[in-house]
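Q: Hi! I'm new to this one, could you walk me through it?
A: Happy to. Let's bring it up and go from there.

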Amino acid sequence: QVQLVESGGGLVQAGGSLRLSCAASGRTFSSYAMGWFRQAPGKEREFVAAISWSGGSTYYADSVKGRFTISRDNAKNTVYLQMNSLKPEDTAVYYCAANVLLYGSSWQGGSWGQGTQVTVSS
């Protein structure tokens, strides 16, 4: 089991930036990707971005392409999400996920953090 702790969320104005961090501990599966998902009130959790842990491949939801960047520091077992040009519709609880896999066209995470709130004001 992998333990994940997110940090870096907060309140930001539209057009601003935030950098989320996710520290992983415990059992890890380096062959699987790590990623970020988000969930707004009353909405389903949706995929945001993923990155291969051993490699450097990245994947993004269409809604965040060109604005968000996922990266990782394997020495620190940490994954980051740099969020630029934030929009009110980005407001959600952001969850870090480990052991992320793509099933067909859907992303699924195996282990989850507690989440960090991101609120973008308009």
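**A charge over rings**

A: Let's start with arginine 45, which lies over the face of tyrosine 95, at 3.9 Å from the ring centre. Keep in mind that this is a predicted model.

Q: Which other ring does the charged end of arginine 45 sit over?
A: That would be tryptophan 112, with the charged end 4.5 Å from the centre of the ring.

Q: And what cluster is Trp112 linked into?
A: Ring pairs link Trp112 into a cluster with Phe37, Phe47, Tyr59 and Trp107.

Q: How many aromatic pairs are there?
A: The count comes to 4 aromatic pairs. One of them is phenylalanine 47 with tryptophan 107, a stacked pair at 4.8 Å centre to centre with 10° between the planes.

Q: Where do those two sit in the chain?
A: Phenylalanine 47 is in strand 5 (residues 46-52) and tryptophan 107 is in strand 10 (residues 106-108). They are 60 residues apart, so this pair links distant parts of the chain.

Q: Is phenylalanine 47 buried or exposed?
A: Phenylalanine 47 is buried, because its relative accessible area is 16% and the cut-off for buried is under 20%.

Q: How is tyrosine 59 arranged with tryptophan 107?
A: Those two form a tilted aromatic pair, 5.1 Å centre to centre and with 50° between the planes. Here too the pair links distant parts of the chain: tyrosine 59 belongs to strand 6 (residues 58-60), 48 residues apart from tryptophan 107 in strand 10. Tyrosine 59 itself is partly exposed, with a relative accessible area of 37%.

Q: New topic: how many disulfides does the structure hold?
A: There is 1 disulfide. It joins cysteine 22 to cysteine 96, with an S to S distance of 2.0 Å.

Q: Which parts does the pair tie together?
A: Cysteine 22 lies in strand 3 (residues 18-26) and cysteine 96 in strand 9 (residues 92-103), so the pair ties together parts that are 74 residues apart in sequence.

Q: Is the disulfide left-handed or right-handed, and why?
A: The torsion about the S-S bond is about -80°, so the disulfide is left-handed. Both cysteine 22 and cysteine 96 are buried, by the way.

Q: Last one: in what sense do strand 7 and strand 8 pair?
A: Strand 7 (residues 68-73) and strand 8 (residues 78-83) pair in the antiparallel sense, over 6 bridges. Arginine 72, for instance, has valine 79 in strand 8 as its bridge partner.

Q: What about the hairpin between them?
A: The hairpin has 4 residues between the strands, and asparagine 77 takes a positive phi near 50° there.

Note on methods
Residues are numbered from 1 along each chain as its sequence is written. This is a predicted model: local features need pLDDT of at least 70, side-chain atom pairs count only at pLDDT 80 or more; totals for chains, interfaces and linings use all residues. Side-chain values use heavy atoms; hydrogens and water are left out. A disulfide is a pair of cysteine sulfur atoms within 2.5 Å. Buried means under 20% relative accessible area, exposed over 50%, partly exposed in between (1.4 Å probe, protein chains only). Two strands pair if DSSP finds at least two bridges between them. Rings of Phe, Tyr and Trp (its six-membered ring) pair if their centres lie within 6.5 Å; planes under 30 degrees apart count as stacked, over 60 as edge-to-face and the rest as tilted. A charge sits over a ring if NZ of Lys or CZ of Arg is within 6 Å of the ring centre and within 35 degrees of the ring normal.
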